[in-house]
Amino acid sequence: MIVVAGEALIDLVPQGTGALAGLRPALGGGPYNTAVALGRLGSATAFCSRASRDAFGEALLDGLRKAGVDVSAVQRGPEPTTLAVATIDGHGSAAYSFYVDGTADRLFTVPEGLPAATRAISFGTCSLVLEPGASAYEKLMRAAAARGVFTALDPNIRAGLIPDADAYRARFLGWLPSVTLLKLSEDDARWLGGTPREWLAAGPSAVVVTRGGDGLTVFTRDGAEHSVPGEEVAVVDTIGAGDTVNAALLHGLSTGNALSAGALAGLDADAWTKLLRFAARAAAITCSRAGAEPPYASELDEL
């Protein structure tokens with residue numbers, strides 16, 4: 001089982017141009033989208049978070065269940081659901097404003113344990129920024145890594161939520177000894193100010209950098225670098241594209257029995273190329289439709 005830990009929220013997606021365009025609520029949050037994508041691809045998946053008991057919270061859990069995701073590890077609370085207001089530019093890229101004060105997901109507490117069948121756990125986005133939940137997720141990450149669980153991290157930087165950039169950058173570096181696979185975008189990399197080789201030296205077995213329509217590149221501990229181009233597609237928006245990459249990478253590694261630091265380090269150029277192309281195809285499908293709507297296994301060629 002792959003566990004995804006982090007926030008579930010509601011994206012308010014504009015249905016036109018201008019500041020007063022109508023907004024359509026959509027299920028979202030980086031970790032949430034990753035969990036849904038994993039479920040749709042056919043991986044045994046569980047979601048570890050805290051969700052509101054309000055109508056949005058119920059809708060979020062229902063979306064996970066429909067994707068086949070185990071929600072038994074989701075904590076519940078009376079607080080409202082986090083809202084993210086999206087703005088889509090002329091190229092389909094999304095920017096966000098967040099409404100997070102007093103919301104349920106940021107009050108996550110460390111669970112007593114993970115499901116017994118856990119082989120990997122994924123972290124990222126707002127959940128590693130907003131306290132007190134951020135410290136709880138960090139403790140869970142370190143505990144899982146100490147037990148030898150494959151740990152994936154996508155920082156998915158939302159700069160508007162980070163009050164102290166230097167403190168966050170230092171904290172990010174502190175996570176890396178507990179990370180097996182680091183995935184991030186070119187924009188994230190520029191904001192963080194480091195390089196894949198520097199991050200590899202701190203702990204991960206591989207670093208995958210997404211380059212939008214230009215594709216993906218993986219950097220590995222043995223000094224190798226492998227790239228694939230992006231898939232050509234008519235972009236509606238990019239919401240959930242990076243989260244789909246996360247899920248596709250984890251799903252591919254799971255089906256290839258490579259969810260361990262040693263197995264990841266042992267992947268050759270052909271294996272990485274196949275995996276990255278699979279992730280690029282999956283992300284392209286997500287970009288071809290509005291909102292975070294990752295593909296089902298039936299929409300993709302086999303690995």
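In the predicted model, Ala241, Thr244, Val245, Ala248, Leu249, His251, Gly252 and Leu253 of α7 are in contact (heavy atoms within 4.5 Å) with Leu275, Leu276, Phe278, Ala279, Ala282, Ala283, Thr286 and Cys287 of α9. The residues of this contact comprise 12 nonpolar, 4 polar and no charged; Ala, Val, Leu, Ile, Met, Phe, Trp, Tyr, Cys and Pro count as nonpolar, Asp, Glu, Lys and Arg as charged, and the others, Gly among them, as polar. Helices (H or I, at least four residues) and strands (E, at least two) are DSSP runs numbered from the N terminus. Residue numbers start from 1 along each chain as its sequence is written. Local features require pLDDT of at least 70 and side-chain atom pairs pLDDT 80 or more, whereas totals for chains, interfaces and linings use all residues, and side-chain values use heavy atoms, without hydrogens and water.

The axes of α7 (residues 241-255) and α9 (residues 269-287) come within 8 Å and cross at roughly 145°. Axes are lines fitted to C-alpha atoms, for helices over the stretch in contact, with angles from 0 to 180 degrees between N-to-C directions.

Helix α9 has 19 residues and spans 27 Å from its first C-alpha to its last, close to the 27 Å expected at 1.5 Å a residue; the expected span is 1.5 Å times one less than the number of residues. Buried residues (under 20% relative accessible area; exposed, over 50%; partly exposed in between; 1.4 Å probe, protein chains only) of α9 include Trp272, Ala280, Ala284 and Ile285. The buried residues of α9 pack against α1 (30-41), β12 (206-210), β13 (216-220), β14 (225-228), α7 and α8 (261-265).

Strand β4 (residues 45-48) is covered on both faces, with Thr45 and Phe47 buried on one side and Ala46 and Cys48 buried on the other. Strand β1 (residues 2-5) pairs with β4 in the parallel sense over 4 bridges, where pairing requires at least two DSSP bridges. Cys48 of β4 is the bridge partner of Ala5.

The loop between β9 (120-124) and α3 (133-146) contains Pro132, which is joined to Glu131 by a cis peptide bond with omega of about 5°. Thr125 lies in the loop between β9 and α3 and has a positive phi, near 65°, in a residue other than glycine. Thr125 is buried, at 5% relative accessible area. Asn257, in the loop between α7 and α8, also has a positive phi, near 55°, but is exposed at 58% relative accessibility.
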